[in-house]
Amino acid sequence: MSAPVDDLEQRVQDASDELMEIMPAAITLAMMFRHRKMSSWFRTEFEGYDEGAALPDFRRDVVGHIVAKSPQYGWIPAPVNDKQKLEHGHRDLPDGVKTLERFCMKCKKGSGQQIAFPPDQMLALQAQINLSAELAITVSRESYVDVLRVIRSAIYLWTRELVALGFSGEHNSFNDSERARAAHLDDPERFWREAMTEAPSLPIPGVRTSGFLERVFGRAS
């Protein structure tokens with residue numbers, strides 16, 4: 001018999017346990033409590049958001065740096081003013097946990113990823129700055145880590161509430177009475193909003209960087 005609430009609470013605090021491996025356990029636990037909203041949100045975070053879908057605030061308007069592609073020097077800062085930075089220098093991040101986490105693991109600390117502008121927006125910005133070079137936004141690795149930390153923190157806060165209700169210890173399932181006691185916790189927005197505020201003070205790790213051998217050969221099981 002397992003202790004699913006305790007196990008999940010401990011896993012999200014373990015820096016060696018990847019979030020992409022934790023999410024299926026979070027989905028399963030939510031289903032055990034019949035937390036349909038939580039399980040749906042966990043699944044969407046795991047798989048990613050469809051184009052045009054509403055995103056939670058922590059995935060919206062993530063600030064980056066506008067860059068231009070130089071034939072000689074690669075990506076360099078674009079000659080934009082503060083107004084153009086404010087208008088164009090941010091991106092939504094709809095990708096699923098696996099995509100975000102794998103990027104963070106492969107990416108060196110202090111670096112980032114270039115995200116292409118939609119064609120119409122790039123043409124408009126090129127005209128404003130009188131530049132024909134390809135433009136993109138560089139979003140830092142730390143910004144991706146922040147998104148993943150909010151998700152991880154939301155899971156932690158949810159499990160902490162379950163523990164407070166007495167659901168620690170060994171359980172193969174939960175009966176109707178137990179599920180009713182926890183029904184008010186089926187509220188993903190509550191937990192991700194709390195996580196946005198509390199994540200810096202919680203015992204939640206960031207994302208480790210893969211070593212060279214792991215990037216080449218994969219992680220040993």
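Trainee: Helices (H or I, at least four residues) and strands (E, at least two) are DSSP runs, numbered from the N terminus. How many helices and strands are there in the protein?

Mentor: The protein has 10 helices and 6 strands. This is a predicted model, where local features need pLDDT of at least 70 and side-chain atom pairs count only at pLDDT 80 or more, while totals for chains, interfaces and linings use all residues. Residues are numbered from 1 along each chain as its sequence is written, and side-chain values use heavy atoms, with hydrogens and water left out.

Trainee: Fine by me. What is the mean pLDDT of the protein?

Mentor: The mean is 93, and 94% of the residues reach 70 or more; pLDDT is the predictor's confidence in each residue, from 0 to 100.

Trainee: And where does pLDDT stay under 50?

Mentor: Over residues 212-217, for which the model has 6 contacts beyond four places in sequence. A contact means heavy atoms within 4.5 Å.

Trainee: Let's zoom out. What does the C-alpha trace span along its principal axes?

Mentor: About 65 × 40 × 30 Å. Of the 221 residues, 45% are buried, where buried means under 20% relative accessible area, exposed over 50%, and partly exposed in between (1.4 Å probe, protein chains only). For contacts between residues at least 6 apart in sequence, 77% join residues at least 24 apart.

Trainee: On to helix H7, then. How many of its residues are buried?

Mentor: H7 is mostly covered, with 18 of its 24 residues buried. Its length agrees with expectation too, because 24 residues (141-164) at 1.5 Å a residue should span 34 Å, and the end C-alpha atoms are 34 Å apart. That expected span is 1.5 Å times one less than the number of residues.

Trainee: What happens just after H7?

Mentor: Gly166 takes a positive phi of about 95° there.

Trainee: Can you pick a residue inside H7 for me? Say Leu148: buried or exposed?

Mentor: Leu148, which is found in H7, is buried, with a relative accessible area of 3%. Leaving aside neighbours within four places in sequence, Leu148 is in contact with Leu19, Val97, Leu100, Glu101, Cys104 and Val207.

Trainee: Now the loops. Which of them holds Lys108?

Mentor: Lys108 sits in the loop between helix H5 (97-106) and strand E5 (112-116). Lys108 is exposed, at 60% relative accessible area. Its C-alpha atom is separated by 30 Å from that of Phe191, 83 residues apart along the chain.
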